[in-house]
Amino acid sequence: MTERRRMLLQGNEAVVEGALAAGMRFFAGYPITPSTEIAERCALRLPQVGGRFIQMEDELAGIAAVIGASVVGVKAMTATSGPGFSLMQENIGYAALAEIPCVIVDVQRAGPSTGLPTSPSQGDYMQARWGTHGDHPVIVISPSSVQEAYIETIRSFNLSERLRVPVILLMDEIIGHLYEGIELPDADEVEILDRLTKDDPRQAELPYDIVPGELAPRMTPFGQGVFYNITGLIHDDRGFPTSSPEIADRQCRRIMKKIDLNSGQIGRYEELYMEDAGVCVVSFGGAARSAQAAVEAAHRDGYRVGFFRPVTVWPFPEEAFYEICGRVSDVIVAELNYGQMKLEAERIAAGRCRVRHIGKVDGTILGPEEIYKEIQEAAG
Amino acid sequence: MAGRLIDKYMRGMYLPHKWCAGCGNGIILRDVIQAVDNLGLEKRDTIIVSGIGCSSRAVGYLDFDTIHTTHGRAIAFATGIKMARPDMKVIVLTGDGDAAAIGGNHLIHAARRNIDITVVVFNNNIYGMTGGQFSPTTPAGAYASTAPYGSIDPDFDIPALAKAAGATYTARGTAYHVLQTTKLIEAAILHEGFSVVECVSICPTYYGRRNRKGGAVEMMKWQRDNAVPVEQARKIPPAELEGKIVYGGLWRCERPEYTRQYEAIINSALPE
């Protein structure tokens, strides 16, 4: 067995290395704290592998150029933080409707507005799901370690390429700026998925005509002699605009079903001590590091407390969490916001257990001791 | 002739187009296709990008790889396409609002980079798709649904704006001057670098009606009688050119092209 490569990397740098391993060869973006290291490393690393980096004039242009590169078949990524993420929303919706694969990294900082630019937050949890207008599909993944930032970036590309949906890698300042030693798996240990195309050139001229049994279209990239149209308007199988209610209904439902019917493949979560737990702490991203420390300490001290960490945060790992809510007395959602994932937990709990919340909006992190206190209270 | 161009370059099943009767956009689209045909561009080597608005619906009718993007962002999408496939010809079809208002920032930065993209601006001096609001090229004093007392906003000179920002080829044509405009678009496509051709269209439905410019025929006659070739205009005092359309090739220079410069970066960064 070959020796695995170990590296000391920052979370933001691990995202870039993961993206390169996944085949990302184009990055367009605009500098913004605390995501800037991603753009910086892309500027350095992409030309080394024959890829291309461009610093655009704003985030609107960053995501637009990424979608442009993707339509010619190049795996593409952008990275930003709160204010820039807000600016990107319109084109995230475009990618969702036109079904153009792309990965958007949002390294969350404290908001609203310019907020606390260098401080951690998880205040974009709802925006990541519902930021652009209209009903739309999106996948949101939130890593909790530098190792996971690497692995989950690869998975973000795989999901985006195969399901043809924008995938948002929801980082936060904690994981983005955290340095940890990680293992870079060998190329043959990592599954890399590329987008599918149609073999029959006549069929390829109908890019949105779905192969029976599939949900995502197989679109041949531009520049290969298959001529079709892409638009952000509701469109027919050729990609030409239409206002037919029948086609609109079919299209809008199908793109949502790409997520709904693949939630098993998309969903990922981690559990700890949940077998006999009476209290469940739910946390994600950077906050989950404190939450896990608190749960481990409380467990050592004899409390029947477990831990549930969604890695895919949208769609929320509903099935597993639903089952948990039926057998615990209390759920504690620990997150760096005013109560956003709490709403999703309450929806799934549907009154079957108590849903408590511990959050912060002051730009500081939640300490394990604060969460420990909440566990004590819940355990009564 | 037009029939042959339609068969060769257009998606016949989606015709007739949805522009209003008397709109100048169809003529400008024909000029674009004629230029592509004259140059013998291969369809598979050409990607056509548009934004949002009357002008930008043009791409749907063209049997190329076409992408109708979001309002103002056509040049930014095109930048990503050109960076990812520098070997492709990338042509942007856009409008006055799309290119010079909501997308103005992308226009100037693409010009600054001198990336090899050709931008054809269908300038109808109004927001037609939304029903006649004033645009950045509506002349001051003109009426629009959002300028019921006359516009107090000065208008942009798009080629001058592009030149100032670094474009290396700029030109202006009109819907009336079909032959000349076709040649200008050809020159822009051949030019290696960022090129902008403003094509002054006519909008009898919104701009013409509200400003008592008459119908399509009167507006075309006005273009014929008020357009001055640039060579002639250079000999006329600026005051006498007030309200006229100066057309022709306006500016050309040579500067390193962006994607070629990036190729040099790749060559220096690639491991030996």
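This is a predicted model: local features need pLDDT of at least 70, side-chain atom pairs count only at pLDDT 80 or more; totals for chains, interfaces and linings use all residues.
Residues are numbered from 1 along each chain as its sequence is written, chains are lettered from A in the order in which they are written, and side-chain values use heavy atoms, with hydrogens and water left out.

Trainee: How much area do chain A and chain B bury between them?
Mentor: Buried area is the accessible area (1.4 Å probe) that two parts lose on being put together, summed over both. Of the area buried here, 61% lies on carbon and sulfur atoms, and the total is about 3,500 Å².

Trainee: Which element gives the most to the side of chain A that touches chain B?
Mentor: Contact means heavy atoms within 4.5 Å, and it takes 42 residues from chain A and 42 residues from chain B. Helices (H or I, at least four residues) and strands (E, at least two) are DSSP runs, numbered from the N terminus. With 8 residues, the element that gives the most is H3(A).

Trainee: Which residue of chain A meets Arg113(B) in a salt bridge?
Mentor: A salt bridge places a side-chain nitrogen of Lys or Arg within 4 Å of a carboxyl oxygen of Asp or Glu, and the count between the two chains is 2. For Arg113(B) the N to O distance is 2.6 Å, and the partner is Glu57(A).
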